[in-house]
Amino acid sequence: MFNQGLSLNQAPPASIPFRFFLTAPLFGILIGLVFFFYPLESIIDQYSPVAIAVVHLFTLGMLAMIIFGAMQQMMPVLAGAVIKQPVLFGNIVHISLTLGTLLFSASFLFSNKLLLTIGAISLSISFFVFFSNAIYLLFKVKYLTSTVNAMRIFSICGIITAILGLYLATDYINGSLGTQHFNFVNSHATFGLFGFGVILIMGVAFQVIPMFYVALDFPRYIQNKIPILILIFILALVGFFFLGLDIYVLKVILSSMFILFSVYGLNSLNNRRRPVFDVTLWFWKVSLYMFIISMLNWLFIPQDSMFTLAILFGLGFLYSLLQGMMYKIIPFLAWFHLSSKGHMTIPTMREMIKEDFIKLQFFIFMASILFFLLAGFLSNIFLYLGAFMFIVSNVILIINCANALIKYNQISKLNPMDSFLSK
Amino acid sequence: MTHSISSFMTQDHRDCDEEFAQMEISVSKDDWNEAQVKFDSFSQNLEHHFNMEEKIMFPKFETKTGMLGGPTAMMRMEHEQMRTVVGQMKDDLNAKDKNHFFGLSESLMMLMQQHNMKEEQMLYAMVDAHLSQESQEVINEMQGLVKA
């Protein structure tokens with residue numbers, strides 16, 4: 001196993017994570033378009049069918065898409081967990097996740113149960129194939145690190161989220177929402193957002209912040225204890241939902257842990273050893289600030305709708321960070337795979353994607369968040385502006401990533417020996 | 001005091017990271033003379049680290065375990081890849097090409113960290129498990145290697 005773990009030949013070809021990364025912003029464009037074709041009130045109402053569609057376009061089409069793509073690249077490197085037949089695995093997960101998300105969301109937008117049935121089956125294939133492999137591989141890892149631990153907990157939360165999701169989808173298909181329906185919905189969302197989303201991001205941050213930026217490690221107690229504590233409090237939260245108890249004390253505990261993590265993350269980034277300007281830092285810092293703000297908002301501001309919180313947490317925290325990560329991983333993988341094949345004349349990581357275009361995309365993305373938030377204070381008209389900016393930012397994200405991929409494809413078609421022959 | 005091979009080599013990784021950051025600081029300040037000194041020191045220590053592994057630790061591990069084409073072969077390949085990038089950075093330093101230098105240093109940073117992670121989390125743990133009896137002897141021998 002260790003031979004495999006240390007062999008980069010076992011890592012998936014670059015095209016596998018790339019296709020996941022490029023698909024995610026396409027779903028972002030779809031989300032933006034929904035705002036122009038459906039009543040705004042229905043998007044803001046968290047339990048309406050349109051809102052369910054939008055939330056899943058985001059959580060499945062963007063969040064899970066990027067996470068699944070990145071995990072296939074990271075598991076062999078960070079955990080020595082090598083996926084056998086990575087191309088077949090990547091294809092099955094990618095196609096079923098893309099198709100499943102489209103059909104699932106369409107079923108809620110067009111009130112069609114057949115689409116929901118096929119979508120739910122397709123999503124089940126994607127999640128169970130991904131997580132059964134991830135759990136099997138991660139629990140075989142002999143030398144444990146905080147990241148492997150976090151990835152294990154993330155995988156367990158992921159599979160529970162999927163099972164709860166499947167249960168809810170079955171309810172919708174049968175047309176019988178039980179008395180406990182909203183408790184199941186809240187449990188599904190809690191496992192998905194906190195377990196699947198936050199714990200994975202924590203696990204990655206523990207490794208990636210010190211690694212990318214030569215920054216301070218997170219304290220050991222945060223790395224070793226917080227992910228398992230979060231899992232325990234998620235389970236407690238679910239218990240409280242079903243027992244009808246007030247969850248405020250659990251909200252305080254969970255938010256405190258999340259804020260503590262963010263504060264240490266920001267402290268580490270602000271005291272990093274690498275002095276070089278790096279635009280991806282903007283995404284990481286905004287993300288961690290937004291995480292803190294979203295938790296304070298969740299704790300202290302009475303919510304008339306969850307929309308503001310969803311924007312702060314979903315776009316501000318989760319999507320900002322994932323974009324920052326993609327802007328690091330894509331240029332590196334493009335450079336790395338070309339360099340490993342023996343190509344000598346390769347653009348450097350900084351030449352793969354023009355920094356000015358990343359900055360432009362960042363500002364437009366920030367503007368979309370700002371407009372979405374302003375809508376809660378001023379007028380729903382700002383939702384249109386936010387949606388428009390969100391579409392534009394995702395288009396630029398695709399162009400930026402595609403630029404690196406075009407350079408990669410062009411060079412990978414050449415014979416590495418050509419550069420020697422032409423000299 | 002007896003160190004494990006793992007903790008000794010991990011500390012050496014951290015020292016190289018620190019030197020790497022110092023070198024980048026000099027380049028970012030456009031202090032090319034200082035950058036040259038820092039670069040020489042960094043590349044010398046990096047090469048020393050590679051040699052400690054390739055000339056002493058890996059052969060002992062390979063003899064003990066019989067794993068010849070496994071993890072150590074992959075680590076040697078990655079060392080070569082890093083040596084190539086360091087060579088290209090040297091050219092940029094001579095040409096005072098700051099942008100290209102940072103483009104390469106970014107790649108080297110990622111390569112080094114990815115490589116370190118694999119060593120620290122897997123290979124060194126295996127080395128500790130197989131060479132625990134002679135760990136101090138291995139460390140002494142590695143420390144005794146003359147820097148080029």
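Chain B has 148 residues, for which a compact globule would have a radius of gyration near 15 Å; the value for chain B is 16 Å, which agrees. The radius is taken over C-alpha atoms, and the globule rule is 2.2 Å times the number of residues to the power 0.38. This is a predicted model, in which local features need pLDDT of at least 70, side-chain atom pairs count only at pLDDT 80 or more, and totals for chains, interfaces and linings use all residues. Residues are numbered from 1 along each chain as its sequence is written, and chains are lettered from A and ligands numbered from 1 in the order in which they are written.

**Chain B**

- Chain B contains five helices and zero strands, where helices (H or I, at least four residues) and strands (E, at least two) are DSSP runs numbered from the N terminus.
- Along the principal axes, the C-alpha atoms of chain B fill a box of roughly 50 × 30 × 25 Å.
- Of the 148 residues in chain B, 33% are buried, meaning that 20 or more other C-beta atoms, placed from the backbone, lie within 10 Å of the residue's own.
- Among contacts in chain B with a separation of 6 or more, 70% join residues 24 or more positions apart; two residues are in contact if their C-beta atoms lie within 7 Å.

**Where chain B touches chain A**

- The contact takes 27 residues from chain B and 26 residues from chain A.
- On the chain B side, α1 (5-28), α3 (71-95) and α4 (98-131) each supply at least two residues.
- The largest share of that side, 17 residues, comes from α4(B).
- By class, the chain B side has twelve nonpolar, ten polar and five charged residues. Ala, Val, Leu, Ile, Met, Phe, Trp, Tyr, Cys and Pro count as nonpolar, Asp, Glu, Lys and Arg as charged, and the others, Gly among them, as polar.

**Helix pairs in chain A**

- Helices α2 (residues 15-37) and α15 (residues 381-412) of chain A pack at about 160°, with axes 8 Å apart. Axes are lines fitted to C-alpha atoms over the stretch in contact, and angles run from 0 to 180 degrees between N-to-C directions.
- That makes α2(A) roughly antiparallel to α15(A), a term for angles over 145 degrees.
- The contact of α2(A) with α15(A) has 21 nonpolar, three polar and no charged residues.
- Helices α6 (residues 113-138) and α7 (residues 146-174) of chain A also pack at about 160°, with axes 10 Å apart.
- The contact residues include A:Phe127 and A:Phe128 in α6(A), and A:Ile159 and A:Leu166 in α7(A).
- By class, the contact of α6(A) with α7(A) has 16 nonpolar, four polar and two charged residues.

Definitions and conventions. Buried ≥ 20, exposed ≤ 12 C-beta atoms within 10 Å, placed from the backbone. Parallel < 35°, antiparallel > 145°, perpendicular 65-115°, else oblique.
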